[in-house]
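Please keep the sequence and the model in view while reading.

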Amino acid sequence: MVHTGEKTSKCGVCDKSFIHNGHLKLHMAIHTEEKPFKCEVCDKRFRNLGNLRYHKRTHAVEKSFNCIICDKGFIRSGHLKLHMRTHTGETPFKCEVCDKKFSHRGNLNLHKMIHTGEKTFKCEVCDKWFRNPGYLSKHKRIHSREKSFKCSICDKAFGLIEYLKVHMRTHTGEKPFKCEVCDQEFRHRGSFNMHKMIHTGEKPYKCDECNKLFRYPGNLRKHKNIHAGEKLFKCSVCDKGFHVSEYLNAHMKTHAVEKRFKCEVCDKGFGRSEHLKRHMRTHTGEKPFKCDVCDKRFRNSGDVSKHKKIHSGEKSFKCSVCYKAFRQKEHLKVHMRTHTGEKPFKCALCDEKFSENKNLQKHMRIHTGNSSYQKNKKHLNMKH
């Protein structure tokens, strides 16, 4: 296996493969946070023997490479070079997705996980996943340590003093993070960082199906439901499904609100005046939305958006089974039946079922004796 280069030892956590089983064992320490190798001088622990040996040099070897600015000493010139970036501000490692720059390659690699959504560090107590080992280490204290840091106002307890400090702001009203653009203030650094993206236009979260970018990871997760065809949010009244909770909430109002806006033509009721206005176009034939490429007109803005994909060639709805792509969600839904075998359209006369309504309509000509069907049938018989 060594000579062929075949990687037969596979990690059961992140699917990474290795040629040697020993390499897999070393790799597993990343997920388990196990550090069995201990320095007898300073008690610092390491995942593998090589790192411990390397560390021991810091105790035994003279630090002959000194920083000319702060006089800090280093064993190797390479380490001094890395350190100098803290003074020069040099950031040679650039993210290809959002152009953010970093002074160290390791920091860039950790940052990339924001875009990929990759979380390789797992808590063995509660199975929660994290992007970097530092977050995992902090999280593990929740399970292992007594919550000894108590709030003097409400008695709520925390495992880390940092969490208590953040919590105290809910009582003091302190908001130490201020936006330089709009002067809005924030209690948490995370909320502040997300807010700044509004001004910069940064959208670091990318859909790997259609390349659409999002400002927040939650929005990306919701968007991915569209490609998966999943409608996880169901109406408790009519069982209609929606991709995101916001659409369900808006829909629920159609059940709760009195339908006081009535159509003068067919007497259909609507909860909102704009819904009635949209409905009236089915009677008037009005098509106020025009395609700016071919001038074709449409009744609804959603229909013109769907139509434009014909010109752009965009096919953002992908089949999760065979990866065939479609312009419209409805076309993907129909296609999925080729995989599931679902046939929702049933003939009322002979109980034969079909995956598409148009096939049912063709079939009905057998029973109705439709002339166009008879001609087609005759033509087919002649071919045989």
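The buried residues of helix α11 are Val 304, His 307 and Lys 309, where buried means under 20% relative accessible area, exposed over 50% and partly exposed in between, with a 1.4 Å probe and protein chains only. Their cover includes the strands β21 (289-290), β22 (297-298) and β23 (317-318); helices (H or I, at least four residues) and strands (E, at least two) are DSSP runs, numbered from the N terminus. This is a predicted model, in which local features need pLDDT of at least 70 and side-chain atom pairs count only at pLDDT 80 or more, while totals for chains, interfaces and linings use all residues. Residues are numbered from 1 along each chain as its sequence is written, and side-chain values use heavy atoms, with hydrogens and water left out.

The 12 residues of α11 (residues 301-312) should span 16 Å at 1.5 Å a residue, and the end C-alpha atoms are 17 Å apart, which agrees; the expected span is 1.5 Å times one less than the number of residues. After α11 comes Gly 313, with a positive phi near 80°.

Helix α3 (residues 77-88) can be read in a similar order. Its 12 residues should span 16 Å at 1.5 Å a residue, and its end C-alpha atoms are 16 Å apart, in agreement. Leu 80, His 83, Met 84 and Arg 85 are the buried residues of α3, and they pack against β5 (65-66), β6 (73-74) and β7 (93-94), contact being heavy atoms within 4.5 Å. An α-helix has 3.6 residues a turn, so residues three or four places apart point the same way. Just after α3, Gly 89 takes a positive phi of about 80°.

Arg 337, in helix α12 (residues 329-340), is buried yet has no salt bridge, since the nearest side chain of opposite charge, Glu 342, is 4.1 Å away; a salt bridge requires a side-chain nitrogen of Lys or Arg within 4 Å of a carboxyl oxygen of Asp or Glu. Leaving aside neighbours within four places in sequence, Arg 337 is in contact with Glu 342, Pro 344, Phe 345, Ser 355 and Glu 356.

Turning to the whole, the protein chain holds 14 helices and 26 strands, and buried residues make up 23% of its 384 residues. Among its contacts between residues at least 6 apart in sequence, 7% join residues at least 24 apart.

How values were computed: Lys, Arg positive; Asp, Glu negative; His and termini not counted.
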